[in-house]
Amino acid sequence: MKLGMFMMPLHPPGRIITQTLKEDREAILLADKLGFCEAYVGEHITDAAETITSSMVFLASLVAETKQIKLGTGTINLPNSHPAAIAAQAAMLDHMLEGRFIMGISPGGLMSDAEVFGNYGANRNEMFVEGINTILKIWESNPPYNIEGKYWNVSVAKTMIPEIGQGFIMKPYQLPHPLIVGTAVAPHSQGITEMAKRGWQPISASFLLPEWVKSHWPKYVEGREAVGAKASPDEWRVAKSIFVADSEEIAHRYAFAPTGPYHFYFKQMVRKLVGGGGRGNLFKTDQSMPDADITPEYVTQRLVIAGTVDSVVAQLLAFRQQVGDFGTLLYACHDWVEPELAKRSMQLMAEEVMPRLNAAIHSGHS
């Protein structure tokens with residue numbers, strides 16, 4: 001199993017944005033040094049807690065300072081931008097990274113973003129499909145393009161000057177295009193099946209109960225088999241909130257106390273998904289459970305893996321036993337309330353937990 005990172009990122013509103021952006025960059029630079037294989041970064045326009053407004057701009061700032069880690073958008077919210085802009089920017093970033101780019105895409109889950117871009121109440125799944133189809137058509141064709149859709153049209157027929165290059169939209173470094181991944185949130189997600197049919201790979205979100213994470217693999221297999229391909233667990237990424245410390249006492253204080261970053265994260269997620277998004281189903285296996293019982297404390301206890309190295313290894317093996325085999329574990333990044341503890345957790349995760357976890361998997365203990 002490989003180790004990557006997923007950063008939403010979520011910081012308490014009011015923290016100095018200049019500092020949180022430096023912290024988020026430092027987390028990825030540390031991940032690169034520690035041998036993490038991938039790092040994904042989210043984006044939102046209308047959120048004081050999620051302060052990366054463009055995942056591609058942010059990743060571009062890391063191109064020169066990272067050595068081996070692949071950098072992924074987690075995710076580009078396709079309905080909120082013109083497909084030609086996304087196609088050109090993603091292609092450029094792919095060239096800058098010389099193939100270390102992974103393109104994560106989604107319809108976007110933040111309703112205030114949808115409202116500000118004028119697609120709140122629109123069929124954003126339909127916009128998403130048209131958006132990525134348009135991007136892929138741009139990359140596989142040459143001007144004048146003449147791609148017509150319900151939401152966007154792409155053409156340079158009136159203005160192109162081919163002999164000097166005017167009218168050409170850049171193609172990516174990785175041909176025909178970078179690896180495409182998508183985040184999966186819904187239990188038994190039909191979106192995963194559709195992604196799998198197209199050769200895209202899923203990331204199961206970090207705020208899902210293991211029972212719902214487990215439901216994603218059969219849907220992926222279904223999609224691969226529909227196109228005559230075989231699904232490999234290597235193609236499945238699972239994000240998880242994990243905190244590793246040198247003592248159980250430190251681990252439990254930092255991971256579960258109301259003042260800690262994990263509690264803050266799930267307080268935000270519960271408010272957004274349950275209070276604002278009608279997605280209480282994500283946090284309960286018994287749907288008769290009242291939404292009022294979905295507290296940050298309840299969710300944090302259910303979803304965070306925390307402890308010493310030995311304890312975290314045991315919990316991750318039990319988690320894998322429950323959800324099935326997957327190829328990459330994405331360590332969810334949280335606010336660095338105590339930077340030394342946050343960095344120590346990443347170090348222990350990479351240098352202690354993963355070798356032991358993989359040794360246990362290879363020896364057949366899970």
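Student: How many cavities of 30 Å³ or more does the count come to in this structure?

Tutor: Rolling a probe the size of a water molecule over the atoms shows where empty space is left. A cavity is a set of points, on a 1 Å grid over the protein atoms alone, where a 1.4 Å probe fits but cannot get out, and by this rule the count comes to four cavities of 30 Å³ or more. Bear in mind that this is a predicted model, in which local features need pLDDT of at least 70 and side-chain atom pairs count only at pLDDT 80 or more, while totals for chains, interfaces and linings use all residues. Residues are numbered from 1 along each chain as its sequence is written, and side-chain values use heavy atoms, with hydrogens and water left out.

Student: What volume does the largest cavity have, and which residues line the largest cavity?

Tutor: A volume is the space filled by probe spheres set on the grid points, which are joined across faces, edges and corners, and for the largest cavity this is about 70 Å³. Lining residues have an atom within 4 Å of a point; here they are Tyr254, Tyr262, Tyr331, Ala332, Cys333, His334, Asp335, Trp336, Ala342 and Met346. With helices (H or I, at least four residues) and strands (E, at least two) taken as DSSP runs numbered from the N terminus, β12 (328-333) supplies the largest share of this lining, three residues, and α13 (339-362) supplies at least two. If Ala, Val, Leu, Ile, Met, Phe, Trp, Tyr, Cys and Pro count as nonpolar, Asp, Glu, Lys and Arg as charged, and the others, Gly among them, as polar, the lining divides into eight nonpolar, one polar and one charged.

Student: Which residues line the second largest cavity?

Tutor: The second largest cavity holds about 50 Å³ of space, and its lining consists of Met7, Pro9, Leu10, His11, Glu23, Asp24, Ala27, Cys333, His334, Asp335 and Trp336. Helix α1 (residues 17-34) gives the largest share, three residues, and the lining divides into six nonpolar, two polar and three charged.

Student: Is Phe117 buried, partly exposed or exposed?

Tutor: Buried means under 20% relative accessible area, exposed over 50%, and partly exposed in between (1.4 Å probe, protein chains only). Phe117, found in the loop between α4 (111-116) and α5 (124-140), counts as partly exposed because its relative accessibility is 38%.

Student: Where is Pro218 found, and how far apart in space are Pro218 and His188?

Tutor: Pro218 is found in helix α8 (residues 216-226) and is partly exposed, with a relative accessible area of 47%. Pro218 and His188 are 30 residues apart in sequence, yet 8.2 Å apart in space, C-alpha to C-alpha.

Conventions
On a 1 Å grid over the protein atoms alone, a cavity is a set of points where a 1.4 Å probe fits but cannot get out, and a pocket is an open set with protein on both sides within 12 Å along at least five of seven lines; lining residues have an atom within 4 Å of a point.
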